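Welcome to a short tour. Please have your viewer open and your selection tool ready, and we will go from stop to stop.

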Amino acid sequence: MKKEEKKQRIRKVPAVLPRIVVLLFLLMVLLFMNIDSFSHLLNYGSYDKATATVVKPDTDDFLLLIPTVQIRYQYNGKEYTDEKYFVLQPLFGLSRESGQQLDIYINTHAPNYCLFRVNFFRNIVNWVLLALIGICIYNIVKRIQKKREVQHEK
């Protein structure tokens with residue numbers, strides 16, 4: 001009996017807490033990987049759909065490792081040029097070859113700011129993250145049910 005009491009005293013962190021932390025971490029990774037999609041979703045009325053042309057692919061001048069792309073698009077009769085980081089976009093099936101046409105969302109309040117239009121479910125990493133989130137939620141529910149059963153038995 002003393003060993004069981006000692007184990008209960010030592011374990012002060014609830015068993016479900018690490019699972020909740022992992023779930024929150026996975027949700028944050030999913031959010032940051034798809035920040036453009038969520039930004040567009042939350043401000044749907046502030047964006048217009050347009051098409052941009054890739055002018056030239058490049059790398060970041062500062063780090064020389066991060067791929068960038070220079071795009072050109074027209075909005076309300078004015079032409080804009082923007083340089084965007086192109087790190088996660090290949091996972092969504094977007095190409096950075098010169099002359100490539102990309103769908104974008106242009107901010108109506110600041111036309112010089114745009115977001116790439118990406119398909120959330122085309123990215124395999126999103127599917128893996130959604131599966132892991134589902135497993136975490138299932139695990140948390142099972143752990144809570146198990147704890148309730150133990151409490152009812154006592």
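Which residues have the most contacts inside the largest nonpolar core? Select Ile-71, Tyr-73, Ile-104, Ile-106 and Phe-116 in this predicted model; they hold that place in a core of 15 residues. Now colour strands S1 (47-59), S2 (67-75), S4 (101-107) and S5 (114-116), the elements that each give two or more residues to this core. S2 provides the largest share, with four residues.

Stay with Tyr-73 and show its surroundings. Leaving aside residues up to four places away in sequence, Tyr-73 touches, among others, Thr-51, Ala-52, Tyr-80, Ile-104, Ile-106, Pro-111 and Cys-114.

Next, go to the loop between S2 and strand S3 (78-85), where you will find Asn-76. Its phi is near 55°, a positive value in a residue other than glycine. Most residues other than glycine have a negative phi. Is Asn-76 buried or exposed? Asn-76 counts as exposed because its relative accessibility is 70%, and the cut-off for exposed is over 50%.

Last stop: the second largest pocket, with a volume of about 290 Å³. Select Ser-37, Arg-117, Val-118, Asn-119 and Phe-120, which lie nearest its centre among the 16 lining residues. Then highlight helix H3 (residues 35-42), which gives the most to this lining, five residues. Coloured by type, the lining shows nine nonpolar, four polar and three charged residues.

Technical notes
Residues are numbered from 1 along each chain as its sequence is written. This is a predicted model: local features need pLDDT of at least 70, side-chain atom pairs count only at pLDDT 80 or more; totals for chains, interfaces and linings use all residues. Side-chain values use heavy atoms; hydrogens and water are left out. On a 1 Å grid over the protein atoms alone, a cavity is a set of points where a 1.4 Å probe fits but cannot get out, and a pocket is an open set with protein on both sides within 12 Å along at least five of seven lines; lining residues have an atom within 4 Å of a point. Grid points are joined across faces, edges and corners, and a volume is the space filled by probe spheres set on the points. Ala, Val, Leu, Ile, Met, Phe, Trp, Tyr, Cys and Pro count as nonpolar, Asp, Glu, Lys and Arg as charged, and the others, Gly among them, as polar. A nonpolar core is a set of buried Ala, Val, Leu, Ile, Met, Phe, Trp, Tyr and Cys residues joined through side-chain atoms within 4.5 Å. Buried means under 20% relative accessible area, exposed over 50%, partly exposed in between (1.4 Å probe, protein chains only). Contact means heavy atoms within 4.5 Å.
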